[in-house]
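Open the model in your viewer and keep the sequence panel beside it. Each stop below says what to select and what is there.

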Amino acid sequence: MYSHASESLIKQAREIQESELLKFYSRLAKLFQVKELSHETLDSLQRLHLILSANKFTRKLPSDLQQRLLLLLSSPAEQLQVLSSAVLRETLPSSGEELNSTQENISQLNTHAASLLISQAGSKAELSSLCARLVHGLEGRPSEGTARSLMFTLPALKSIVTLSPECLTEEHVTILSQRIIDWLRYASIVQGGGASSGGFFTGPRSRQPLPTAELDGSVSGDFFTVLCVGQGFTEDQWMNVYSFSMLRRWLLTYHSGSSSTVDADDRSEVDGSVVSMVSATSSSSRLLPPKERLREKAFQYCQRLIEQCDRKAQKKADTELQKACMAEAVCILDCVCIEEPSLVFRAFPSIKALFGRLSSDLSFARVLLPVAQFYLNHGELAAVDCESVWKLVFGRFPAELFSDPFLSHELLRFLRLNLENLQLRVPEFIRFFPNLLKFLAWDSSAAVEDFVDLLPSLVTEGTAVEMLHTLLDLPCLSATLVLQLRSMSLPISEPSSRGLMSLDAFRNPAFRGLFLFLLRVESGSGHTIDRLSTLHDLLAEAADWPRVVRCAQAVPLLLHIYFNTVVTVADEKLLAHLVLVMLERSSLLINIPSFHKDVHRVFSSHLLKLCKLRPSLVVDQSHELLEFAGTTANVYSKEEVYTHVVWVLGEYLSASSDSRCSVTLITSCFETLEAVLFEITSSAPPPGTLCPAPKVITTLMSALAKLASRSHDLIPRVSLFFSKLRTVARSGLVPWCTDEDDLIAIVTRGEELWSLLKAPGVAQSVLTPPPHIITPRWHRDTNLALPLQLRVLTRLTHSQ
């Protein structure tokens, strides 16, 4: 992992003797006494950091050296700040008194000093003490010496609030809320940094401060915000920016929960009145409690930001800043309106205008997601029509921006966080599931975790069948999305190069309908495609595309979730339909061998679960199941599914499972399976295929034995087969089984079944035991001696 030279240095650092280390400490302390620190000092600091970090045990520095390093944290050179902070992090954490001393010795707070103080606070009490010091530093008017420190105090407090919000007392919250109000609303509106209007007589005494400007270049006509620009910024303007950056976290942490003095009945009247829509002017807001006042000022600030975003920025970077500020402003308005519903009516006009202005431009998609969140939370209260919002978010966004990783993450996160709310207020979002699955088809690695949570909510009685087809076609959708992007990037006149034959098919009008179905936005336009085999042929070259392969690997997991969910929402008729779909689609999959095996394995396991849950499905779908089991080719191409179909036929085709099961049906099933078993054991496998798996043959034999035990007229026929099987095995000419051990296992199984069938009554009890035998509860039956014996043994083994 390390080079030879690096390993040598690390070894030297680990093996340094204590005496050498003390000498090194002394030499480093002398270097710090020089006014101007040299390169030797920097090299020594780097070596000290290596020594401390390379050792397993944390060391304690001499107090004088530690004091010097603390002073370096306030050095104007950032390199010294970084090195001193890194060294101090590797030392033992300070005790309570030492931590207070550390805080006092740091004359000027900066990013590295703040992170060091937070990391060395070993308990909540120490963190609370640090909070008190930081908040106290924000209370008074800053002096020139501490002015710059304020710019790092607020980010440090934000880190503490994120990690441990309970460290701030109610008094601290009130003080800091008041300071945030002042910084947000009353920051200076003139430029800092000595900006002047220029001219011949410009000098120190004639220099006049210029007002801040808007992003379009016009003079700012209202209070300062993060979107105001100038040649320089004053201290309170920087604090305005920092306050806005932490405002949403602050509101969510300390201002969530109603704190109004108006009771519920009075509030309902206020919310419905005209007064509530135009209340809370700036003069009356000063009379509000701190929490309500902060909400009001945050509301005004965000309204101003949204108004500023209407202006055309002169720089591209400022356009991106506008987008970020719009998204954050809408999120803050949402928080404020959740806590104070009366503000919804004041906020909605600007939110509605913002949506109308941005909805036609997909470059603002990430801004429109917070707008959709606002509509979801407050649209019902404001009685506005939200249909256009959901058509944009669930319709156009996935259809046109599926390849945007940031939008994909944020939209899927929006769905996960608001799932219950969406199911209650926007139930129609489920019909957009073919569109939402495009995120998964495009980047399955990033999106599969989200869909593990989302998929159960998308499976309903109405979407179950189409959802199953869509999941199975997901690799095809992945390939189609790749072709769609390539089709837009490559000109039509350019002949397709090697590997792009499918692109010609994508552009061919004759196949356009196939691809358009995969790219559909809403469900309900059909359960599957009639020409699936044609589509798979067209996409044959996509089978080894990395994106398609990754997508195919995600499908089995989603199929498991799908089947576990569908049994909770589907009736017996729907489950019967799903059994038919599994049989049909087992041969209609994109040509990825590993994908075929994985899907067949999932189908097999859930076919057993469905039939165990509803045994009547076997009789209901007996015709289709027998047709599948009677096709010899399925033995070789769908071994897993075929084996389980045969097993459920033998297990559940009985009068005990379904009273409709007749002797005629049992005989028909027996004859079908007998024909297949005779065919595969009387000749070699077809060219290009392997010998049938021993599991398939033994499952067929067991199924025949089970059926014969229920209709004794069939016993001679199956006994004759078992006797012939033993004779053939002894002759040594067995083309359908090349492994001797497998052949012995098959013959042994046949002899066991033959012996059982000689006593038909015993055979039925053994091969198809009644439920109370296969699910015993003897350990719970208090009428038996076994529970008493278990309790006695437990006491003996657990006795002291």
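Is asparagine 435 buried or exposed? Select asparagine 435: its relative accessibility is 0%, so it counts as buried. Buried here means under 20% relative accessible area, exposed means over 50%, and partly exposed is in between, with a 1.4 Å probe and protein chains only.

Before going on, note that this is a predicted model: local features need pLDDT of at least 70, side-chain atom pairs count only at pLDDT 80 or more, and totals for chains, interfaces and linings use all residues. Residues are numbered from 1 along each chain as its sequence is written, and side-chain values use heavy atoms, with hydrogens and water left out.

**Stop 1: around asparagine 435**

Asparagine 435 sits in helix α22, residues 433-442. Helices (H or I, at least four residues) and strands (E, at least two) are DSSP runs, numbered from the N terminus. Show side chains and find lysine 438. Its side chain makes a polar contact with the side chain of asparagine 435, at 2.9 Å. A polar contact is a pair of N or O atoms within 3.5 Å; within protein, one must be able to donate a hydrogen and the other to accept it, and residues adjacent in sequence count only if both atoms are side-chain atoms.

Now select Phe394, Gly395, Pro398, Ala399, Arg520 and Val521. Asparagine 435 touches these, residues up to four places away in sequence not being counted. Contact means heavy atoms within 4.5 Å.

**Stop 2: the whole chain**

Zoom out. The chain has 42 helices and zero strands. Of its 800 residues, 48% are buried. Among contacts with a separation of 6 or more, 74% join residues 24 or more positions apart.

**Stop 3: the largest pocket**

Rolling a probe the size of a water molecule over the atoms shows where empty space is left. Pockets are found on a 1 Å grid over the protein atoms alone: a cavity is a set of points where a 1.4 Å probe fits but cannot get out, while a pocket is an open set with protein on both sides within 12 Å along at least five of seven lines, and lining residues have an atom within 4 Å of a point. Grid points are joined across faces, edges and corners, and a volume is the space filled by probe spheres set on the points.

The largest pocket holds about 650 Å³ of space. Select Arg248, Cys331, Pro370, Gln373 and Arg413: of the 20 lining residues, these are the closest to the pocket's centre. Next, colour α11 (235-254), α16 (316-339), α18 (365-382) and α20 (405-417); each supplies at least two residues of this lining. α16 gives the most, with seven residues. By class, the lining has 10 nonpolar, four polar and six charged residues. Ala, Val, Leu, Ile, Met, Phe, Trp, Tyr, Cys and Pro count as nonpolar, Asp, Glu, Lys and Arg as charged, and the others, Gly among them, as polar.

**Stop 4: alanine 383**

Move to the loop between α18 and α19 (387-401), where alanine 383 is found. Alanine 383 has a relative accessible area of 70%, so it is exposed. Check its backbone: phi is near 55°, a positive value in a residue other than glycine.

**Stop 5: the second largest pocket**

This pocket has a volume of about 550 Å³. Select Glu651, Tyr652, Ser657, Thr768 and Pro769, which lie nearest its centre among 21 lining residues. α35 (639-652) provides the largest share of the lining, three residues. The lining has 11 nonpolar, seven polar and three charged residues.

**Stop 6: aspartate 658**

Look in the loop between α35 and α36 for aspartate 658. Its relative accessibility is 7%, so aspartate 658 counts as buried. Its side chain makes a polar contact with that of arginine 660, at 2.8 Å. Leaving out residues up to four places away in sequence, aspartate 658 touches Ser616 and Val619.

**Stop 7: leucine 707**

Go to helix α37, residues 694-710, and pick leucine 707. At 0% relative accessibility, leucine 707 counts as buried. Draw a distance to cysteine 669: the C-alpha atoms are separated by 8.2 Å, with the residues 38 apart along the chain. Beyond its neighbours within four places in sequence, leucine 707 is in contact with residues including Leu649, Leu653, Ile666 and Phe670.
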